Amino acid sequence: MSPTSLPSSPPQPSALPPSNPVSSSDPSSSGSSRTAISNPHSYPQPPYKPLLRLEIRDLSSSGTHAFLRLLHASDTLSYAIDTVLRSLYTNLSPHCMTPTRSVTLILRSMPGVAYTTGKDIDSDHKEIHFSTDYINAVPEARQKEEMKGVLVHEMVHCWQWNAQGTAPGGLIEGIADWVRLKAGLGPPHWKRRADCDWDAGYERTGYFLEFLEKEHGSDVVRRINEGLRDCKYQEKEFWAKCCGRSVYKLWEEYRASLKEGEIEMESPCEEASGESSANAK
Ligand SMILES: [Zn+2]
């Protein structure tokens, strides 16, 4: 098609997702994981079935080639949403969920790994920016798992609460990596380490949350996320309600549970993950 044959009318905004809650009779939600609302161990449907979009800024880049060759975008984003909702909202009602209405995956050249943001006009519409340069730099044997892991991490940011912006950034990132860890998508270089504070973020805090899960119940991260829903974060009260003691005491207990090599200060407070520093959330 020549450029002159393109329509001259300005582009129109995409339609909003349907405003009706998804019903179990919706044929597009007929997967077993999406219909088991009455199952006491299921997770709820979001109030709006999120619209998924894919935007490719450079179709010819090697990173884009790898993405399209190894992943089915729609299936992978749906898988990531299912994984996140199961991890954060099992046994909770739909009104506990974030009002996320759409998720757009943007593949583009940029420094770093990935970040998630809300659209300026309406933060219920999320954008996941994923670096094609980073994808291209991952060894081929790891590419598929790494892309899925990064997408699950970023998808957590589309659905988690942050105490009206007052939650520690390290806790937000730790929850994202905890979900990735529980999905079996933690990369091989991750390890348990307590050479920093509890809120160092990423896998360091993710493994701490895994420890809390063992000690304080399998729903502890769901309770943490739920506790960040409506009110501002107040550390002392928050952790006392969650686990009955201060987060520093909990971190001490975690440190005591680790082996020697996992505690020492090898490279204190280094960036624990390669996620883009542009990721504020
Ligand atoms: Zn993150």
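User: In this predicted model, angles of 65 to 115 degrees count as roughly perpendicular. What makes helix 7 roughly perpendicular to helix 10?

Analyst: Helix 7 (residues 202-216) packs against helix 10 (residues 247-257) at an angle of about 90°, their axes being 10 Å apart. That angle falls within 65 to 115 degrees, and helix 7 is therefore roughly perpendicular to helix 10.

User: Which residues make this contact?

Analyst: Helix 7 contributes R204, Y207, F208, F211, L212 and H216, while helix 10 contributes V247, L250, W251, E253, Y254 and S257. These residues divide into 8 nonpolar, 2 polar and 2 charged.

User: Why is the pair R142 and E146 called a salt bridge?

Analyst: The cut-off is 4 Å between a side-chain nitrogen of Lys or Arg and a carboxyl oxygen of Asp or Glu. The closest N and O atoms of R142 and E146 are 2.9 Å apart, so the pair qualifies. Both residues lie in helix 5 (residues 140-159), 4 residues apart, and R142, E146 and R180 are linked in a network of salt bridges.

User: What parts does the salt bridge of K182 with E213 tie together?

Analyst: The closest N and O atoms of K182 and E213 are 3.2 Å apart. K182 lies in helix 6 (residues 169-182) and E213 in helix 7, so the pair ties together parts that are 31 residues apart in sequence. K182 is partly exposed at 42%, whereas E213 counts as buried at 13%.

Terms used:
Residues numbered from 1 in each chain as written. Predicted model: local features only at pLDDT ≥ 70, side-chain atom pairs only at ≥ 80, totals over all residues. Heavy atoms only, no water. Axes fitted to C-alpha atoms, helices over the stretch in contact; angles between N-to-C directions. Helix = DSSP H or I, 4+ residues; strand = E, 2+ residues; numbered from the N terminus. Parallel < 35°, antiparallel > 145°, perpendicular 65-115°, else oblique. Contact = heavy atoms within 4.5 Å. Nonpolar A, V, L, I, M, F, W, Y, C, P; charged D, E, K, R; others polar. Buried < 20%, exposed > 50% of the residue type's maximum accessible area, 1.4 Å probe, protein only.
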